[in-house]
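This briefing is meant to be read with the sequence and the 3D view open side by side. The points are grouped by topic, so that each can be checked against the structure in turn.

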Amino acid sequence: MQGSMSLFLRALLALALLTPMGCAQWSSLKISHDNPALLADRWAVAFTKGDLNGLIAVYDPDAILWGTSASSTRKGTRAIRDYYGLLLAGVPGARVVLRDTSARLYGETAVAAGTYVLHGSGGGGRQTATPVRFVMVCVKRAGAWVVAEHHLSLAGS
Amino acid sequence: MKPSLPRTRTLQARISGVFLLLIVSMQIAGYAVVRNAIDRNARHHGREELAVGERVLSQLLEEGVLRLTGAAERVADDYLLREALATRDHASMIGALRRHRERTGAEVAMLVGPRGQVLADATSATVRPAEWATRGIPTSTRGDPARGIEVVGEAAIQFVTIPIRSNPPGAWVVLGVRLDARLLSQLALLTSLEVSLGTRASESHWRVLDASGDVQLRSARPASGQGVASSALWEPVAATSEEWERLVVVLRRDPEPEVAVMLERTVARAAVPFDGLQDTLLVLTVVGLVLSAIGSVMIARRVTRPLRELVGAARRIEHGDYGHSAIVPRGDEVGELAAAFDHMRDAIAARERRISDLAYADALTGLPNRALFMDRLEQAVSMAQRTHGRLAVLTIDLDRFKNVNDTLGHPVGDLLLREVAARLRRALERRTDTVARLGGDEFAVLLPMQALDGAQLAARKIADVLSESLTIEGYLIDLGASTGIAVYPEHGEDSDNLMRRADIAMYAAKRAGTGHEAYDARQDQSSSGRLSLLGELRQALEQDQLSLVYQPQLALSGAPERAAEVLLRWNHPKRGLITPDKFVPFAERTGYIKVLTRWVLDGAFRQCADWHDRGLQIGISVNVSARDLHTANFLQSVTDLLQRHTLDATRICLEVTESAVMEDPALALGVLQRLHEIGFRLAIDDFGTGYSSLAYLKRLPVDELKIDKSFVRGLVGDRDDAAIVRATIDLAHDMGLSVTAEGVEDEAVLNALRRLGCDRAQGYFISPPLKSDELEEWFMNARSSRRVAVRLL
């Protein structure tokens, strides 16, 4: 069962990767909520759109977030909301482009990891690109995958 | 010979000195000009170095700003920092800032808020002061980087601020680097200047923050020129023994404290490139001075060498050496001078010969003159004294020569003297004998190595040659001579005595008519007495040895008049009383009679004026010498004396001898006329001893005749004398003249004169000469009127 399922998911993922459209188009795709790797896509889309609710929806109510430069974790929906609220307001126009994402499923738990580039605008109109790596520990709640722990850090650091 | 000049006063030394002075002055002036130019150039060069240093400093600071700006931009663009800022993650902000600070090498890395508050500070602890947060950081709201310099503690920080893009904006990145020794050393390395970094508050002293090398900020004076636009201020520094120039580049002026970089250099260092040139210049100057000194000495020697030769020639001439030529073979002015000097030498030699001839030769006869004769005589005496030899001196006086001159004229007299000279030369054959003309008709002969016999033989030869008749200008003249002989050592042991005694012998020969006489001591007594009397006469006047005495004159006609003749007396301290006949003739011969006459007139006039002032009407008269009549200023002298004593000339009778009038009648007539016009009474003295006729005397403005005592004394016993006196009195009366008889020595004569109608008489029988007070008493006692006449003789 798990093996056939895995093949199926792989097939979907391959289809998605082969799709010429980027992450921005993921929301329009009919992708199954059972794929934990899609959480990264959902997160990237919500971040790029500045959709705070969309971002919060990705996380488990007890989720723990390690921000990219954060010196401590944010735990729980409220803390995570605060974090993203400040971030989206403080760093407007940031755009996440996933570079690679992979997910491994361990029963009701899955681990998704990958990298993305955070594009944005600096002072004087300068364009910035910050490579970031991430790891998402996903758990299934009520049949849907949510992020239980999210760790972000600079890819080069 | 004059001593040689000190070397410092020689022309050579002066020329050398002037040359050296000029050259030294020029060299010093040239050295000073070049040195000054070098100094100015060095200063200019140094200032250029400082200006270059300022530009390099600006460039370094600008590069620093650019580096900081780039780094700050990267910090501002850092997502992590922006995320940390956005999420208020202070620790992450610090971490990000520290990471950037360490990467860029900056000392200051901060995030500040819109009010300047520090949001995050990762500044190095070495420059983080407590007051850092209290001051605002200049920021730009337009997104451009702001820059500035801030003093933090003991450090000056160059910083930039750049805003972080956020929404809403409200944070700036601050990055700063310390302006430390590295920058200053880099600047010093690039510019070779001493560099200091200083700060000060307001006008206070600069405080050194950092410096290249060991240089400390000198001269804490505030920079002058705070108000100028330029941030660079020139400020000379002289706080140390070394002269410095400083360029103060103000990096921060407002707000305080000021921050400045001091670029400094020593003036000496700026002149270092010219040291070689200065050394070369100094060497050239010294070499030039040495060469100039040598050259000037050589030139001076070349110029003065012919002058020294001329000096030598002049000194030879000074010593009478005219034989050396001073010709200097040169074609320039010195050569001309030498030639002129030679001509001058020849002319001096010729003139000296001429002067010598004139000094020692008689121009008329060519014989040695008195000076040369005396010189030779003295030499001969010296020789005789050394060799115990003998010599003889002959003095010769021509007889009747005056008659020749008077009758035939001086030209004939001169020819006669020449002929006499020629005959004397012929008479004396020895070359050692000297024949000289002493003056007038006096000649002298010196016979060395001759005794009295030889001298007498020579005198006879002289007499023989002169006794021969001479024919001159067609006149046959018989001439004689009188010769006196004096022999050394019998008659004198020196030249003066020999000459004087030869003269005495000559006069003795003339008196005796013997032709020649050798000296005899008996001849000398009267002669020497007369000569010494004449010599002492001057002293007598000065020492009041002369005096006037008055001999009253008795009026025989009964007219009430008082008159007296004053006689001159010489009370010699050794010889006793000397009568005028002993010295007046000599005074007349020497011309001293003028002084004597004036002295007598002055005394007589004073006495007469004194009598008149005291109411005594006593007339006086003065006997005037024949020489006085020939004196040019005699009239003026007499007139002056009248005015001096305020005396009426009519009280004075001037007596002139008959011979004086007849010597030059025309002159005598003129003088007597003038005296008569002035008011003087005039009398002919010693009448009867001359050859004048009464007819001639009638032409003269005389008032009185005085009959000579030689006739008066014979009046009683000699019929001829009586006839002469009688005739004279009668003729005088016929001519309107009064008559005075002199020499009345007895009563018979006096009575005879009274019978003959003589007007006045005087003589010892009447009264001897009296002193002035005695005369006054005599007149008071006498009942008859008298008149006083003054006589010199």
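In this predicted model, strand E5 (residues 127-141) of chain A and strand E6 (residues 144-154) of chain A pair in the antiparallel sense over 10 bridges. E5(A) is also paired with strand E4 (residues 109-121) of chain A, again in the antiparallel sense, and there the count is 13 bridges.

**Hairpins of chain A**

- E5(A) and E6(A) make a hairpin with two residues between them, and Ala142(A), which sits in the turn, has a positive phi of about 50 degrees.
- Within this pairing, Val139(A) has Val146(A) of E6(A) as its bridge partner.
- The hairpin of E4(A) and E5(A) has five residues between the strands, and Gly124(A) in that hairpin takes a positive phi near 75 degrees.

**Make-up and confidence of chain A**

- Chain A contains four helices and six strands, and from the N terminus on these elements follow the order α-α-α-β-β-α-β-β-β-β.
- Of its 157 residues, 34% count as buried, and among contacts between residues at least 6 apart in sequence, 46% join residues at least 24 apart.
- The pLDDT of chain A averages 79, with 78% of the residues scoring at least 70.
- Confidence in chain A is lowest in helix H1 (residues 2-18), where the mean is 43, and highest in strand E1 (residues 59-66), where it is 94.
- Residues 1-31 of chain A have a pLDDT below 50, and this stretch has 19 contacts in the model beyond near neighbours in sequence.
- Where pLDDT is low, the predicted coordinates should not be read in detail.

- An α-helix has 3.6 residues a turn, so residues three or four places apart point the same way.

**Where the two chains meet**

- The contact between the chains takes 22 residues from chain A and 23 residues from chain B.
- On the chain B side, the elements that give two or more residues are helix H1 (11-77), H2, H3 and strand E4 (155-163), and H2(B) supplies the largest share, seven residues.
- The residues on that side of chain B divide into 11 nonpolar, five polar and seven charged.

**The sheet of chain B**

- Chain B has an open sheet of five strands in the order E2-E1-E5-E4-E3, with antiparallel pairing.
- Its edge strands, each of which pairs on one side only, are strand E2 (118-121) and strand E3 (146-152) of chain B.
- Neighbouring strands of this sheet are turned by 25 degrees against each other on average, direction ignored.
- Strand E1 (residues 108-112) of chain B pairs with E2(B) over three bridges in the antiparallel sense, and Leu111(B) stands opposite Ala120(B) in E2(B).
- Helix H3 (residues 90-104) of chain B packs on the sheet, where it touches E1, E2 and strand E5 (172-178) of chain B, and its direction makes about 145 degrees with that of E1(B).

Conventions: Residues are numbered from 1 along each chain as its sequence is written. Chains are lettered from A and ligands numbered from 1 in the order in which they are written. This is a predicted model: local features need pLDDT of at least 70, side-chain atom pairs count only at pLDDT 80 or more; totals for chains, interfaces and linings use all residues. pLDDT is the predictor's confidence in each residue, from 0 to 100. Two residues are in contact if their C-beta atoms, placed from the backbone, lie within 7 Å. Two strands pair if DSSP finds at least two bridges between them. Axes are lines fitted to C-alpha atoms, for helices over the stretch in contact, and angles run from 0 to 180 degrees between N-to-C directions. A residue is buried if 20 or more other C-beta atoms lie within 10 Å of its own, exposed if 12 or fewer, and partly exposed in between; C-beta atoms are placed from the backbone. Ala, Val, Leu, Ile, Met, Phe, Trp, Tyr, Cys and Pro count as nonpolar, Asp, Glu, Lys and Arg as charged, and the others, Gly among them, as polar.
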